[in-house]
Amino acid sequence: MPFLLDLVRYQSWSFRATWPPLLLCLAAIALAVGLGPIFPPAYAIGAVGAGLLVFDAAARLRQAEAIRDLIQRHNGLTGPALSQFRQARASWCSRRAALAAAHSAGCGGEARALVLKWGYKPWHVFPDGAFSRRSPFLQTSFWRSVMGLPRRR
């Protein structure tokens, strides 16, 4: 029975970490199905978008597990755990994954307070600087993060 309880807890917090890219994936599929009869390339565009978002969900889950492990190892949001948490604040999906990890590790209130202190609100869904000349959508590091590929050194 404890195994089943641990599995349910893992599924619960892992869904909290990955729901933004999964929701966007469903939206991409719905948009492709809705526009497909009018604009046939929408099927292919939607499939590529949905595929990228599935990779993003997997990357956010790995990111959340790493942050949760750091928080547990350092007994809270201190040192390297705080540094990793801070790095995850630039995009909505990463921020939600980091918040889910902190909540799972037992310091969700502290993590939410930090995010609010940084000025992020629930409607901040686009990455920081998305509509500027230095948009993350134009940088390979952003797309490497979406695909879950390791950072280049």
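Two rings of Phe, Tyr or Trp (for Trp, the six-membered ring) are taken as a pair if their centres lie within 6.5 Å, and the pair is called stacked with planes under 30 degrees apart, edge-to-face over 60 degrees, and tilted for the rest. By this rule, six aromatic pairs are counted. The model is a predicted one, in which local features need pLDDT of at least 70 and side-chain atom pairs count only at pLDDT 80 or more, while totals for chains, interfaces and linings use all residues. Residues are numbered from 1 along each chain as its sequence is written, and side-chain values use heavy atoms, with hydrogens and water left out.

Phenylalanine 126 and phenylalanine 131 form an edge-to-face pair, with 5.0 Å from centre to centre and 70 degrees between the planes. For accessibility, buried stands for under 20% relative accessible area, exposed for over 50%, and partly exposed for values in between (1.4 Å probe, protein chains only). Phenylalanine 126 is partly exposed at 48%, whereas phenylalanine 131 is exposed at 70%. A tilted pair is formed by phenylalanine 137 and tryptophan 143, with centres 6.4 Å apart and 40 degrees between the planes. Phenylalanine 137 has a relative accessibility of 34% and counts as partly exposed; tryptophan 143, with 35%, is also partly exposed. Ring pairs join Phe137 and Trp143 with Phe142 in a cluster.

Arginine side chains also meet aromatic rings. A charge is said to sit over a ring if NZ of Lys or CZ of Arg is within 6 Å of the ring centre and within 35 degrees of the ring normal. The charged end of arginine 89 is placed over the ring of tryptophan 118, at 4.7 Å from its centre. Over the face of tyrosine 120 lies arginine 95, 4.1 Å from the ring centre.

Beyond its neighbours within four places in sequence, arginine 60 is in contact (heavy atoms within 4.5 Å) with residues including Ala17, Cys93 and Ser145.
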